[in-house]
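Subject: Structure handover

Hello,

Here is the structure I said I would pass on. My notes on it follow below.

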Amino acid sequence: MAQTTQRVRWICLCLVFATVQIGGVLAAVTDPDVGPLITDSLDESVLGLKCTAEKLSDPTATIAWHLDGPDGDQVIFAIKIEGDAANGTLKLTATTSFNVSGTGAVAKDTTYACKVARGAGTLWQAVTTGDPTPRSLRVEPDREQLYYGDTLTLACPNYGTQTDPDTLPADPLTVPSPQIDWQLNFTDTWTGSLPAGASVEDSKLIITNLGDSHVGSYTCRANNTYGTRFAFYPVDNLMDAPPTTAPPTTPSSGVAVNNTGAIVGGVIGGIIAAIILGALAFFGYQHYNKSQTARISSQPSQSDEEGKLNSS
């Protein structure tokens, strides 16, 4: 049985626990540590929703699923309690499920909200049944310019109508999570064709050794029970990578060696050796002069020899 899973985590740009209106839509209130976090899984026509809140320190905290926002009617759900509030590890999980196709299927655009009530304030998150809302994003490299030889990674998450993944969205994400496919350049008949060096891993498009053969518009196709939507990402204006400074030599031990220090040490050693050799030569020369002087002074002079001859 095929299953898809979607993680929903939004960052609230307002003070946590505050009520916010964005474009007339009530925005979710979440905490980066506690959540709540919603995941979904599709098993044929049955969509399962799981809501998790963790790191709770309030033993009276509760969790529940509601229709049409956090103040709507509760739906049937199962709850699981783990951890201990005394040490801040209390974890609450609430799961619910319903049909999204066939007999008894819920209507499109139905909102399910998960609410966590605690003494410090109420937290909640929501999802809506409906068409996928994909958005093509470049994961890496994180700079603007693309260079020949780059490894390019594109993602196509289900982002609703929010303009940036790090801002609070104006509406809940849609479920079921879509199936993601990629293709180079859009065509009326989907072929899924990709150039050599491009592959799809965990719904992400990865292109290695980026080159001219990879230039074009990459299409992300997101498909779920309710419909199919597309998002696009252009790849063009490739440039040669700027020259880089060669890294220091790294021996087999993995420790980088600073060649400058080795060169300076060699020069200093050479100078010291030259000084020692010069000193030895100087003292050797001095010793030679002294020995020569002593030898000459010990020999008789010519006048002494002549005096001896005359006396005889």
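Start with Gln183. Leaving aside neighbours within four places in sequence, Gln183 is in contact with Trp190, Thr191, Gly192, Ser193, Leu194, Ser217, Tyr218 and Thr219 (contact means heavy atoms within 4.5 Å). This is a predicted model: local features need pLDDT of at least 70, side-chain atom pairs count only at pLDDT 80 or more, and totals for chains, interfaces and linings use all residues. Residues are numbered from 1 along each chain as its sequence is written, and side-chain values use heavy atoms, with hydrogens and water left out.

Gln183 sits in strand β14 (strands are DSSP runs of E, at least two residues; helices are runs of H or I, at least four; both are numbered from the N terminus). Gln183 counts as buried because its relative accessibility is 1% (buried is under 20% relative accessible area, exposed over 50%, partly exposed in between, with a 1.4 Å probe and protein chains only). Its side chain makes a polar contact with the side chain of Thr187 at 2.9 Å. It also reaches the backbone nitrogen of Gly192 at 2.8 Å. A polar contact is a pair of N or O atoms within 3.5 Å; within protein, one must be able to donate a hydrogen and the other to accept it, and residues adjacent in sequence count only if both atoms are side-chain atoms. Tyr218 is 35 residues away along the chain from Gln183, yet their C-alpha atoms are separated by 5.8 Å.

Phe186 is partly exposed, at 40% relative accessible area.

Now the cores. A nonpolar core is a set of buried Ala, Val, Leu, Ile, Met, Phe, Trp, Tyr and Cys residues joined through side-chain atoms within 4.5 Å. The largest has 31 residues; Leu47, Leu49, Leu56, Ile63, Trp65, Phe98 and Tyr112 touch the most other members. Strands β4, β5, β6, β8, β9 and β10 each supply at least two of its residues. The largest share, five residues, comes from β5. Another core lies apart from it, with 18 residues, including Leu154 and Cys220.

Ile63 also deserves a look. Beyond four places in sequence, Ile63 touches Cys51, Ala53, Phe77, Ile79, Leu92, Ala94, Cys114, Lys115 and Val116.

Overall, the protein has two helices and 18 strands. Of its 312 residues, 36% count as buried. Residues 24 or more positions apart account for 60% of the contacts with a separation of 6 or more.

Best wishes
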